[in-house]
Amino acid sequence: MTPLVLLGSGNGLGRVREAMLARRPGLSIVRADEDGACQAQVALCWNPLPGSLGALPKLQMIHSIAAGADQIFKDPSRPPGIPVCRIVDPDHRLGMVEYVLWGVLHYHRSFDQMLARQAQAIWDRPAQRPARDVRIGVMGLGELGREVAHRLASLGFSTRGWARRAQALEGIETFEYARLDVFLDGLDMLVCLLPLTPQTAGILSEKTFSRLNHGAVLINCGRGEHLVRDDLVAALRSGQLRGALLDVFEAEPLPQDDSFWRTPYLIVTPHIASSASYEVIAEQILHNLDRLHAGTELANQVNPEHGY
Ligand SMILES: NC(=O)c1ccc[n+]([C@@H]2O[C@H](COP(=O)([O-])OP(=O)(O)OC[C@H]3O[C@@H](n4cnc5c(N)ncnc54)[C@H](OP(=O)(O)O)[C@@H]3O)[C@@H](O)[C@H]2O)c1
């Protein structure tokens, strides 16, 4: 029986363990501080502590319990030759579409302004603008970004997408890495669905915001480290950004005394944009466990060179 270890924090790991044991009661899944942890051949991770992966000499597979694997690459002790896998789920894509769509419509149909007017009992009817006149850019055209961009385009928004490599997507104007500035120029809304890598950290900065239309909107569903927070606050203050919807933060949970909770024109959500169910996560990990035993190629592997 392959021993598995849970590495990291949050209650997600415990829920994944329960869902896996419900399907395979005989599995040996221990926490990092329990007996037998150092014998583990498989590590299931959500924010593993630095040094924890390197302490597993028998490791054969590292599995994120989420779509993102950046947290695994933050552990400098990660043995480089061990495959890293992540979760890819169609329902996850739909959840992200719903979240981004809600954010886009909130601003597109001026609910931000109407809520502010309501607080002052002001009857004011914001002008309606056709979706085709609204330029939305999606950063990252992977499992999630591609679906989001397609759905926005199908609703008539003038949609652009940016990825590392050139992509051809029907109804979407796409831009490769080197054409970031052209992608950003004149956007009304910017949606970040990038993975966190050394190339993408800090990408939501003053330099980026300054290329957008004055009064643009930011929706960040990637990672907190994509954002330069002082630049965001300055852009909201100057009106360069009319609003921002943030689902991800450098420190999660966002501390109670964090000024983001009270920053005008900023909407904070607690990293809920989208997640796969614990059942799906358990099934995908078990599927990969079977493939590991059979010596066949693991599903949903992350490219360690690219970090996503
Ligand atoms: N807030 C939430 O609830 C939530 C939930 C799930 C995921 N997420 C975040 O969303 C991220 C994306 O997930 P995914 O499954 O769509 O990832 P994915 O399938 O790995 O796709 C990543 C996309 O980003 C592009 N990219 C990577 N590095 C880039 C760079 N330096 N410049 C330009 N484009 C770059 C890739 O370009 P290529 O196509 O050229 O490779 C690809 O299109 C995750 O990593 C995670 O951080 C958040």
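Which helices each supply at least two residues of the shell around the ligand? The first point below takes this up, and the other points cover the rest of the chain.

1. The ligand shell. This is a predicted model. The helices asked about are α3 (90-108) and α5 (143-154), each of which supplies at least two residues of the shell around the ligand. Helix α5 gives the most, with 3 residues. The shell holds 31 residues, and those that come nearest to the ligand are Arg86, Leu141, Leu144, Arg165 and Tyr308. Sorted by class, the shell has 14 nonpolar, 11 polar and 6 charged residues.

2. A polar side-chain atom of tyrosine 308 lies 2.5 Å from an oxygen atom of the ligand. Leucine 144 takes part through its backbone: a polar backbone atom of this residue is 2.9 Å from a ligand oxygen. For arginine 223, a polar side-chain atom is 3.3 Å from an oxygen atom of the ligand. On its own the ligand has 940 Å² of accessible area, and the protein covers 95% of that.

3. The largest nonpolar core. In soluble globular proteins, nonpolar side chains tend to be buried together. Here the largest nonpolar core has 28 residues, of which Met139, Leu218 and Leu232 touch the most other members. Two or more residues of this core come from each of the helices α6 (180-184) and α8 (229-238), and from each of the strands β9 (189-192), β10 (216-220), β11 (241-246) and β12 (266-268). Apart from this core lies another, of 27 residues, among them Val97, Leu169, Ile219 and Ala273.

4. Contacts of leucine 232. Leaving out residues up to four places away in sequence, leucine 232 touches Phe209, Leu218, Leu227, Leu241, Ala244, Leu246, Phe260 and Leu266. Leu218, also in that list, is another of the residues that touch the most other members of the largest core.

5. Serine 52. This residue lies in the loop between β3 (42-46) and β4 (61-64). Is serine 52 buried or exposed? Serine 52 counts as buried because its relative accessibility is 18%, and the cut-off for buried is under 20%. Its contacts, not counting residues up to four places away in sequence, are Leu7, Asp75 and Ser77.

6. The loop between β11 and β12. Proline 253 is found in this loop, and a cis peptide bond joins glutamate 252 to proline 253, with omega about -5 degrees. Tyrosine 265 is found in the loop between β11 and β12 as well. Phi of tyrosine 265 is near 70 degrees, a positive value in a residue other than glycine. Tyrosine 265 counts as exposed because its relative accessible area is 58%, and exposed means over 50%.

7. Asparagine 300. This residue is found in the segment after α9 (278-294). Asparagine 300 is not a glycine, yet its phi is positive, at about 55 degrees. With a relative accessibility of 29%, asparagine 300 counts as partly exposed.

8. Alanine 166. The loop between β7 (158-162) and β8 (173-175) contains alanine 166. Alanine 166 is exposed, since its relative accessible area is 60%. How far apart are the C-alpha atoms of alanine 166 and glycine 243? They are separated by 30 Å, and the two residues are 77 residues apart along the chain.

How values were computed: Residues are numbered from 1 along each chain as its sequence is written. This is a predicted model: local features need pLDDT of at least 70, side-chain atom pairs count only at pLDDT 80 or more; totals for chains, interfaces and linings use all residues. Side-chain values use heavy atoms; hydrogens and water are left out. A nonpolar core is a set of buried Ala, Val, Leu, Ile, Met, Phe, Trp, Tyr and Cys residues joined through side-chain atoms within 4.5 Å. Buried means under 20% relative accessible area, exposed over 50%, partly exposed in between (1.4 Å probe, protein chains only). Helices (H or I, at least four residues) and strands (E, at least two) are DSSP runs, numbered from the N terminus. Contact means heavy atoms within 4.5 Å. A residue is near a molecule or strand if one of its heavy atoms lies within 4 Å of it. A polar contact is a pair of N or O atoms within 3.5 Å; within protein, one must be able to donate a hydrogen and the other to accept it, and residues adjacent in sequence count only if both atoms are side-chain atoms. Accessible areas come from the Shrake-Rupley method with a 1.4 Å probe; for residues, only the protein chains shown count as cover. Ala, Val, Leu, Ile, Met, Phe, Trp, Tyr, Cys and Pro count as nonpolar, Asp, Glu, Lys and Arg as charged, and the others, Gly among them, as polar.
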